Amino acid sequence: MAAGTDKLVILVTRGIDSELSSVAFTIANGGLTAGLKVSMFLTSTAIDLVRKNGQTMTHVQPLEPLAAMIADFQKRGGVIWACPPCVKSRGYEQKDLLDGVIIQGASAMHAEIKAGAATLSF
């Protein structure tokens, strides 16, 4: 991470079928605990993580349940962006997603990266 950078952007492409989605939110919450401003950009099957009740369909032991990790992330100020074409291709609309999830294109992620955010992908 560059000196002075306090932002982290995490790109998530894995959904409820992969333990990597739980790992991504574990690391995201750890970033918040470390004082970072963390944003997550969800694409592909990761969209199902923020579909209402989707996050309740997976729990990777011994980690916290995914639903609890997502709620904690949002409660502590983490930002979740959902890829517009990925949302649309699944037939979802804003009302189908968890409260606080923003349907937003990659330009928001790119702006954070241009401003010096570190990146991770899962």
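## Close-up views of a predicted model

**View 1. Strand 2 and strand 3 run parallel and are joined by four bridges.** Strands (E, at least two residues) and helices (H or I, at least four) are DSSP runs numbered from the N terminus, and two strands pair if DSSP finds at least two bridges between them. Phe41 stands opposite Trp81 in strand 3. The model is predicted, so local features need pLDDT of at least 70 and side-chain atom pairs count only at pLDDT 80 or more, whereas totals for chains, interfaces and linings use all residues. Residues are numbered from 1 along each chain as its sequence is written, and side-chain values use heavy atoms, with hydrogens and water left out.

**View 2. Five strands form an open sheet in the order 4-3-2-1-5, with parallel pairing.** Strand 4 (102–103) and strand 5 (118–121) stand at the edges with a single partner strand each, so one side of each is left without a neighbour in the sheet.

**View 3. Ser18 caps the N-terminal end of helix 1.** A side-chain oxygen of Ser18 lies 3.1 Å from the backbone nitrogen of Leu20. Beyond the helix follows Gly35, whose phi is positive, near 95°.

**View 4. Glu112, in helix 4 (residues 107–114), meets Lys7 through a polar contact of 3.2 Å between their side chains.** A polar contact is a pair of N or O atoms within 3.5 Å; within protein, one must be able to donate a hydrogen and the other to accept it, and residues adjacent in sequence count only if both atoms are side-chain atoms. Leaving aside neighbours within four places in sequence, Glu112 is in contact (heavy atoms within 4.5 Å) with Lys7, Val9, Trp81 and Ala117.
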